[in-house]
Amino acid sequence: MQRLKGIIFIVSGAMLWGATGPLMEWLLNHTSLTVSFMLTIRLSVAGMILITYLLLTGKNIFGIWQHKLWGRQLIVFGIVGMLGVQFAFVAAIHESNAVLATLLQFLAPIFVVAYVSLSLKKWPPKYQVIGIIGTLMGLFLLLTNASFDNLLISPKALLWGVAVGLTFAFYTLYPARLMREWNVLLVVGWGMLIGGLTLGIVSRVWLSNQWVVFTDLKTLLLMVALIFFGTVAFILFLSSMKYITAVETSILSSIEPLTAMIISVIVFGTSLGLWQLVGVFVMLVCVTWLSIAGEKA
């Protein structure tokens with residue numbers, strides 16, 4: 001029963017998170033919202049929701065700031081990790097589409113393997129090399145539809161896609177100790193709030209003329225849905241880890257890009273060529289392979 005609960009949590013969370021990509025794509029394409037303004041609102045509000053939830057459940061939300069070491073790490077995580085991965089992801093959506101941006105985040109394991117290998121000054125094991133080569137082959141098919149002289153996205157979109165993988169790898173590796181020492185939701189909540197406030201200050205969000213878009217009920221409801229889906233998805237994802245293994249989590253997380261793909265096809269008429277679909281399949285299989293083989297190792 002506990003395992004079933006974990007599966008329901010991760011599947012629900014992956015589907016909700018997959019739905020946020022097309023939601024952001026629609027808002028960027030059909031309103032005057034910019035990447036910076038949208039992210040400032042989304043991160044700040046989501047961060048305040050999580051922090052308030054922890055406060056209401058009796059957690060000490062300010063204890064982490066009483067330690068300079070943890071406070072500094074939290075600030076770095078909020079700006080470079082949380083804001084970095086979110087900004088790169090939304091910018092990749094803006095320059096391409098939700099499907100490609102969601103799939104490009106699966107480059108993260110490659111950067112993680114590269115970082116660990118450089119740190120240990122040794123080549124990665126064979127299973128990782130096979131997984132990396134397979135993932136890159138799938139990426140090639142996704143971006144070119146098997147045509148060597150046909151790149152289906154702009155160089156700028158590809159650059160943001162690579163940035164998604166890099167920042168997601170940092171987001172995964174950097175806060176490991178921080179999250180072990182403190183409540184995971186606390187770290188994520190403060191990270192979102194720090195990232196949102198930082199971006200808001202840099203972009204001087206209070207002077208923006210984009211606030212007027214929220215007078216449109218449809219835009220307001222979609223923004224509320226975006227914040228709600230993203231926050232609930234993360235809570236469900238973290239909760240699932242209590243009941244199922246990391247391998248099962250990795251496999252079932254593949255529902256995320258599939259959800260983004262289905263919604264994008266229905267809403268935007270997004271279509272992928274045959275070889276692009278093969279590339280998607282190869283990427284998901286290879287990322288899963290990296291997780292399974294790593295668990296066994």
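The legends below describe close-up views of a predicted model.

**View 1. A salt bridge joins Lys156 and Glu95.**
The whole structure contains one salt bridge. In this pair the side chains of Lys156 and Glu95 meet, with a distance of 3.8 Å from N to O. Lys156 belongs to helix α7 (residues 155–173) and Glu95 to helix α3 (residues 68–95), so the pair links distant parts of the chain, 61 residues apart. Glu95 is partly exposed, with a relative accessible area of 28%. Side chains of opposite charge can pair when their charged atoms come close.

**View 2. The largest nonpolar core has 52 residues.**
Leu27, Met38, Leu74 and Trp190 have the most contacts inside this core. At least two core residues come from each of α1 (2–30), α2 (35–56), α3, α7, α9 (184–202) and α10 (217–240). Helix α3 gives the largest share, eleven residues. A second, separate core has 19 residues, including Leu103, Leu104, Leu142 and Leu143. In soluble globular proteins, nonpolar side chains tend to be buried together.

**View 3. Leu74 and its contacts.**
Neighbours within four places in sequence are left aside here. Leu74 is then in contact with Ile64, Trp65, Leu178, Val187, Trp190, Gly191 and Ile194. Leu74 is also one of the residues with the most contacts inside the largest nonpolar core.

**View 4. Helices α3 and α9 cross.**
Two packed helices are described by the angle between their axes and the distance between the axes. The axes of α3 and α9 come within 8 Å and cross at roughly 70°. These two helices are therefore roughly perpendicular to each other, because angles of 65 to 115 degrees are counted that way. On the α3 side, the contact is made by Leu74, Ile75, Phe77, Gly78, Ile79, Met82, Leu83 and Phe87. On the α9 side, the contact residues are Val187, Val188, Trp190, Gly191, Met192, Ile194, Gly195, Thr198 and Leu199.

**View 5. Aromatic pairs, with Phe62 and Trp190 as one of them.**
The structure holds ten aromatic pairs. The pair of Phe62 and Trp190 is tilted, at 6.1 Å centre to centre and 55° between the planes. Phe62 is in the loop between α2 and α3, while Trp190 is in helix α9, 128 residues apart, and the pair links these distant parts of the chain. Trp190 is buried, with a relative accessible area of 11%.
The rings of Phe170 and Tyr174 have their centres 4.9 Å apart and their planes at 15°, so this pair is stacked. Phe170 is partly exposed at 27% relative accessibility, and Tyr174 is partly exposed at 29%. Ring pairs also link Phe37, Trp211 and Phe214 into a cluster.

**View 6. Thr20 in helix α1.**
Thr20 counts as buried, because its relative accessibility is 0% and the cut-off for buried is under 20%. Not counting residues up to four places away in sequence, Thr20 touches Arg42, Leu226, Phe229 and Gly230.

**View 7. Met192 in helix α9.**
Met192 is buried, with a relative accessible area of 6%. Met192 and Ala46 are 146 residues apart in sequence, and their C-alpha atoms are 6.8 Å apart in space.

**View 8. Arg204 has a positive phi.**
The phi of Arg204 is about 50°, although Arg204 is not a glycine. Most residues other than glycine have a negative phi. Arg204 is found in the loop between α9 and α10, and counts as partly exposed at 49% relative accessibility.

**View 9. Ala146 in the loop between α6 (126–144) and α7.**
Ala146 is partly exposed, with a relative accessible area of 33%. From Ala146 to Leu274 there are 128 residues in sequence and 9.2 Å in space, C-alpha to C-alpha. With neighbours within four places in sequence left aside, Ala146 is in contact with Phe140, Leu141 and Trp275.

How values were computed:
Residues are numbered from 1 along each chain as its sequence is written. This is a predicted model: local features need pLDDT of at least 70, side-chain atom pairs count only at pLDDT 80 or more; totals for chains, interfaces and linings use all residues. Side-chain values use heavy atoms; hydrogens and water are left out. A salt bridge is a side-chain nitrogen of Lys or Arg within 4 Å of a carboxyl oxygen of Asp or Glu. Helices (H or I, at least four residues) and strands (E, at least two) are DSSP runs, numbered from the N terminus. Buried means under 20% relative accessible area, exposed over 50%, partly exposed in between (1.4 Å probe, protein chains only). A nonpolar core is a set of buried Ala, Val, Leu, Ile, Met, Phe, Trp, Tyr and Cys residues joined through side-chain atoms within 4.5 Å. Contact means heavy atoms within 4.5 Å. Rings of Phe, Tyr and Trp (its six-membered ring) pair if their centres lie within 6.5 Å; planes under 30 degrees apart count as stacked, over 60 as edge-to-face and the rest as tilted. Axes are lines fitted to C-alpha atoms, for helices over the stretch in contact, and angles run from 0 to 180 degrees between N-to-C directions. Angles under 35 degrees count as roughly parallel, over 145 as roughly antiparallel, 65 to 115 as roughly perpendicular and the rest as oblique.
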